[in-house]
Amino acid sequence: MTSWPKHFAIIKAAKRIKKEIEQAGLERLKFLAESNISIVGTYLNGCSPQTKAEARRDLTALLALGITPDLILEELGRQMPGLAPLMVDRDAYKKSELAALDRFLKEE
Amino acid sequence: MANQQIEVLRALSSKEEGVGPSVLAAELRTGEANVRTYLNRLKKKGYVDGAGSSWFINDAGRKALETGEAIPVTAEDTGQDELSRFQYFGSLAGVEPNLITACSELFQNLDMRSMDDFDRVMAEQNIPQTNRNRWRSNYLGYLRNTTPPAERDKTYPLPKVQPVTAKPEGEPGSGSGTSGGETLDYVVEGTEIHRVAEGYGDFTFSQALKVVMAKRGTTSVGAGGSSLKDLADALRTLNPAQPITVKDLLDLADRLKPQGGGGGNPAQDGYIDQEGNWQPLLPGQRVVIIKKEAPPTSGKTVIVKQTPEGIVTEEHEAGRPIIIQTAPPPAGGSSMLPMTPFPVIGSDGKPMVDQDGHPVYANIEPMIRWLGFQAEQRRADERHQGLMGLVQTVRENVPDGVQALVRAFEEAKTKGGTGTPKQEASPQVYECGACKTRFTLPATEDWVQAKCPKCSHIWSREEVMKA
């Protein structure tokens, strides 16, 4: 069972991602997910180096707390029910999203 | 001591909530009482908070772990035996931990209550003199305090510190290996001279002074042109009880520097004659200084003036005052020359005149200034707009995650998508072989039959797939 501080950190992280990607519009995100285009990967690769560094630092800090990307992705699905069936419930797409996050964290 | 405390601190840092000493003891495989002791000491040092069965690391503790900051060792952390106190005083004296360990290894095999053995260890490990003195005095104090008062002064006498006074010149020395009655009371650290206890130093004061000056590369006292009297005078200006700084040495070197002449020869008095040659001044010879007025320079003085008409040159007579006119700058700080009055032209094209028949002139300078001001404002606005456009261009070209998503969407839409939506947007259409009606297949993937919506002819999956 996840402890309360961890739980809050997961919610906060998912809320932040939601706030960012929502700016692109839910319909667009749905279309990207249906087209098997990684939303997380596209967003992170498109960020400025400074934003990338911030995101990488935050994600690494979350990992240090034991919060894995799939936990965040699941919470994101709960916060964005319109996107959940396309983004989280599809195992292959979810795996590709997690792989994109993993690649991003391993980048220098 | 500090290592165990760091271990406890590290174990606490991995806990999300307060834990008790028993948990930490089990994790560190040590006694609970030990852990409780370490926790209390860490709390006093401000690295942890808590009590009883709930202890947690605070910000200072986390910072110490992150930066690798050494946890200070207090007297409480050390044992009361000789070796522990020896090590503690070593750390207090500023000796490096490795050197303290090396000294401890040697010292614990000797008589740890003997100052002679202490000195031997210090010498063998080549401990710097200043650290050695601090370490020695602290350890000596500890040994004295743990000795019965009756034997204290006999076994561990305190070093005698005698005030050093400047001796008169020429007083004979009294001690082997010393000069001027001085004993070896001084040590040299870098370019600083420190006085230690009597007889515990390496140099006399004058020897230490020579060593420092040699290290600094300044002229040795004996090699220069200064006499011993100069040295004695210079030394009197210093306070031997205080450590000598570089500044003192520089002052001393200045005082001892030969006055004039090179190669150490004393300067000889002399004068420069009218031809510019140096002539030696004989003893008793008088020098008369006559002040002469400089003759007025011959020639003409020319004054050059900048006027609106151009540069004007005037010849000036000698002896007459030169008057410089400093006209106030025109209003508004403009550097423009005063404007020539502009004749006012009437509608008939002729110059206008007043009631006395004099032509009327208009001062159009304010108008020109206003027009200039407007032009300057316009240029500033245009420059601002240009800069803002540049900023906007830069902002648009800055990579942004959301824009990337939008671009990806546009590209995917242009290409018609690569996955499911493409299939949904243009589903495969089949034509009924019987009635030629076009229809699509069922949405489910595991369909077995497809029914024509018009003639209700049922087509099997095999038939459709063959088509």
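At what angle do helix H3 and helix H7 of chain A pack, and how far apart are their axes? Hi everyone, let's get to that in a moment.

First, some housekeeping. This is a predicted model, where local features need pLDDT of at least 70, side-chain atom pairs count only at pLDDT 80 or more, and totals for chains, interfaces and linings use all residues. Residues are numbered from 1 along each chain as its sequence is written, while chains are lettered from A and ligands numbered from 1 in the order in which they are written.

Now chain A. Its mean pLDDT, the predictor's confidence in each residue from 0 to 100, is 84, with 95% of residues at 70 or more. Helix H5 (residues 69-79) has the highest confidence, a mean of 87, and helix H6 (residues 84-87) the lowest, at 82. The chain has seven helices and zero strands; these are DSSP runs numbered from the N terminus, helices being H or I of at least four residues and strands E of at least two.

Back to my opening question. H3 (residues 39-46) and H7 (residues 91-106) of chain A pack at about 25°, with axes 7 Å apart. Axes here are lines fitted to C-alpha atoms, for helices over the stretch in contact, and angles run from 0 to 180 degrees between N-to-C directions. Angles under 35 degrees count as roughly parallel, over 145 as roughly antiparallel, 65 to 115 as roughly perpendicular and the rest as oblique, so H3(A) and H7(A) are roughly parallel. Who makes the contact (C-beta atoms, placed from the backbone, within 7 Å)? From H3(A) we have Val40(A), Gly41(A) and Leu44(A), and from H7(A) Glu97(A), Ala100(A), Leu101(A) and Phe104(A). By class, that is five nonpolar, one polar and one charged. Nonpolar covers Ala, Val, Leu, Ile, Met, Phe, Trp, Tyr, Cys and Pro; charged covers Asp, Glu, Lys and Arg; the others, Gly among them, are polar.

Next, H4(A), residues 49-64. Its 16 residues reach 22 Å from first C-alpha to last, close to the expected 22 Å, which is 1.5 Å times one less than the residue count. One of those residues is buried, so H4(A) lies largely in the open. Buried means 20 or more other C-beta atoms within 10 Å of a residue's own, exposed 12 or fewer, partly exposed in between, with C-beta atoms placed from the backbone. Just after H4(A), Gly66(A) takes a positive phi of about 90°.

Finally, the partner. Chain B gives 19 residues to the contact and chain A gives 22. On the chain B side, H14(B) supplies the largest share, 10 residues.

Technical notes: Two residues are in contact if their C-beta atoms, placed from the backbone, lie within 7 Å.
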